Amino acid sequence: MSTFIVEGGHPLHGNITPQGAKNEALQILCATLLTPEKVVVENLPDILDINNLIALLSDMGVKVEKQSAHSYSFQADNIDIEYLKTPEFLRKAASLRGSVMIVGPLVSRFGQAILPKPGGDKIGRRRLDTHFIGIQKLGAQFEYLTTSKAYSITAPNGLSGSYMLLDEASVTGTANIIMTAVMAHGTTTIYNAACEPYIQQLCKMLCRMGAKISGIGSNLLTIEGVESLCGTTHRILPDMIEVGSFIGMAAMTGSEITLKNVCYDELGIMPDAFKRLGIEIVRQNDDIHIPAHDGYTIETFMDGSIMTFADAPWPGLSPDLLSVFLVVATQATGSVLIHQKMFESRLFFVDKLIDMGARIILCDPHRAAVIGSGRLNSLRGTAMVSPDIRAGIAMLIAAMSAQGVSQIQNIDQIDRGYENIDKRLNSLGARITRYSD
């Protein structure tokens with residue numbers, strides 16, 4: 001495992017540009033399988049999860065060309081379907097959560113796919129029922145192969161459009177179903193669809209490729225199946241989770257920084273939610289300026305009750321942001337309840353924040369009460385192990401604001417979602433040293 005040694009107490013100063021959005025990029029890369037023509041994808045983040053998926057696509061037969069640091073072309077004109085049955089594919093796909101979204105494109109275009117039980121963060125149960133049920137309603141059949149511990153998905157009679165009401169507004173589930181439906185015969189109606197900007201981006205890209213999708217931006221999508229799709233060029237949005245991470249980092253360390261080219265109009269309620277934590281956010285065209293904070297005070301609700309932040313389907317707060325909100329609240333004045341509804345293990349990293357001096361009550365696997373003490377009780381450096389991407393960045397934020405030196409192990413988890421985070425932050429004045437085993 002690689003390790004960060006973080007010397008806390010150093011404020012940041014300067015400009016930083018968010019990377020391309022990881023969650024959008026995973027969908028877009030899988031969508032390149034839908035056409036034999038060339039697809040160019042720009043603003044791809046150089047992170048482990050994306051690089052691993054690009055390598056997996058290449059192993060499947062996709063022609064991959066790196067055009068610049070963050071721009072690639074993909075041409076899936078000679079896919080090796082037999083490779084999907086090999087132990088190597090099963091091992092690589094199982095290690096990457098985003099591999100689940102290759103199912104839709106493969107079944108849509110080739111009528112078959114293999115899916116091992118995907119990996120990713122250890123943040124509790126992440127069921128695939130929404131994916132499977134939606135794809136089944138389009139005519140696909142699922143069989144669990146006990147010997148290889150993988151699902152075999154086939155469409156022996158082809159795919160046909162269908163009406164479906166999703167049991168949850170799953171982002172990856174919605175993306176997978178959309179990619180399955182775009183070349184199915186007839187009309188597909190998806191109700192309770194996720195409508196995050198990343199889903200909107202996927203739909204707009206598919207429409208440029210020749211798909212017929214209406215209702216983009218709403219939770220009711222209508223898809224008219226087409227015979228084939230063509231190539232296109234697509235640019236990934238800035239990563240709103242990284243934007244939120246930098247806002248929290250600036251507040252915690254008393255720093256003055258400017259986030260460049262954030263696509264502010266696509267951030268939803270996130271800036272206003274940070275303002276309710278007491279953080280001043282200044283919009284400058286498409287940039288965000290965070291002035292230096294001596295302190296910040298959490299608002300209460302209008303009736304005086306304690307503020308609550310909970311994850312919710314778009315345009316609500318992303319569950320990926322709640323770890324950042326939790327750690328930032330530890331150094332605020334006031335109290336807040338963090339309610340992580342989606343994943344039951346994502347708050348279990350708070351014991352390390354408590355070791356650092358944070359006043360947090362873990363009520364149950366989904367809820368934590370944070371009693372902020374302002375700057376009266378600064379966090380202390382400690383040793384930690386990152387269990388997942390978002391807990392890892394929260395630990396890094398805490399370590400940067402703490403007194404003394406902290407050690408964060410298993411930072412490969414952070415690298416899965418944040419590009420060269422140590423180098424980028426050190427250029428602003430942080431003191432982060434990486435040790436690789």
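**Close-up 1. Packing of helix α1 against helix α2 in the predicted model.** In this predicted model, helix α1, which spans residues 22-31, packs against α2 at an angle of about 5°, and the axes of the two helices lie 10 Å apart. Because angles under 35 degrees count as roughly parallel, α1 is described as roughly parallel to α2. On the α1 side the contact involves Lys-22, Ala-25, Leu-26, Leu-29 and Cys-30, which meet Asp-49, Ile-50, Leu-53, Ile-54 and Leu-57 on the α2 side. Sorted by class, the contact of α1 with α2 contains eight nonpolar and two charged residues, with no polar residue.

**Close-up 2. The cavity lined in part by helix α2.** The structure holds one cavity of 30 Å³ or more, and the volume of the largest cavity is about 40 Å³. Its lining is made up of Leu-44, Pro-45, Asp-46, Ile-50, Asn-51, Ile-54, Lys-66, Ala-69 and Tyr-72. Helix α2, covering residues 48-59, supplies three residues, the largest share of this lining. Ile-50 and Ile-54 are among the lining residues, and Ile-50 and Ile-54 are also among the α2 residues that meet α1. In terms of class, the residues lining the largest cavity divide into six nonpolar, two charged and one polar.

**Close-up 3. Packing of helix α6 against helix α7.** Helix α6 (residues 171-181) and helix α7 (residues 197-208) pack with their axes 10 Å apart and at an angle of about 10°, and the two helices are therefore roughly parallel to each other. From α6, the residues that make the contact are Val-171, Thr-174, Ala-175, Ile-178 and Met-179, while α7 contributes Ile-199, Leu-202, Cys-203 and Leu-206. The residues of this contact of α6 with α7 comprise eight nonpolar and one polar, with no charged residue.

**Close-up 4. Crossing of helix α10 and helix α12.** The axes of helix α10, residues 322-329, and helix α12, residues 389-401, come within 8 Å and cross at roughly 25°, which makes α10 roughly parallel to α12. The crossing in which α10 passes α12 is right-handed. Ser-323, Val-324 and Val-327 are the α10 residues in this contact, and they meet Arg-390, Ala-391, Ile-393, Ala-394, Ile-397 and Ala-398 of α12. Taken by class, the contact of α10 with α12 has seven nonpolar residues, together with one polar and one charged.

**Close-up 5. The cis peptide bond between Trp-314 and Pro-315.** The peptide bond that runs from Trp-314 to Pro-315 is cis in the model, and its omega is near 10°. Pro-315 belongs to the loop between β17, residues 307-310, and α10, the helix whose axis comes within 8 Å of that of α12.

**Close-up 6. The backbone at Asn-261.** Although Asn-261 is not a glycine, the residue has a positive phi, with a value of about 55°. Asn-261 is located in the loop between β14, which covers residues 256-259, and α9, which covers residues 270-276.

Key. Residues are numbered from 1 along each chain as its sequence is written. This is a predicted model: local features need pLDDT of at least 70, side-chain atom pairs count only at pLDDT 80 or more; totals for chains, interfaces and linings use all residues. Side-chain values use heavy atoms; hydrogens and water are left out. On a 1 Å grid over the protein atoms alone, a cavity is a set of points where a 1.4 Å probe fits but cannot get out, and a pocket is an open set with protein on both sides within 12 Å along at least five of seven lines; lining residues have an atom within 4 Å of a point. Grid points are joined across faces, edges and corners, and a volume is the space filled by probe spheres set on the points. Helices (H or I, at least four residues) and strands (E, at least two) are DSSP runs, numbered from the N terminus. Ala, Val, Leu, Ile, Met, Phe, Trp, Tyr, Cys and Pro count as nonpolar, Asp, Glu, Lys and Arg as charged, and the others, Gly among them, as polar. Axes are lines fitted to C-alpha atoms, for helices over the stretch in contact, and angles run from 0 to 180 degrees between N-to-C directions. Angles under 35 degrees count as roughly parallel, over 145 as roughly antiparallel, 65 to 115 as roughly perpendicular and the rest as oblique. A crossing is left-handed if the near helix is turned anticlockwise from the far one by less than a right angle, and right-handed if clockwise. Contact means heavy atoms within 4.5 Å.
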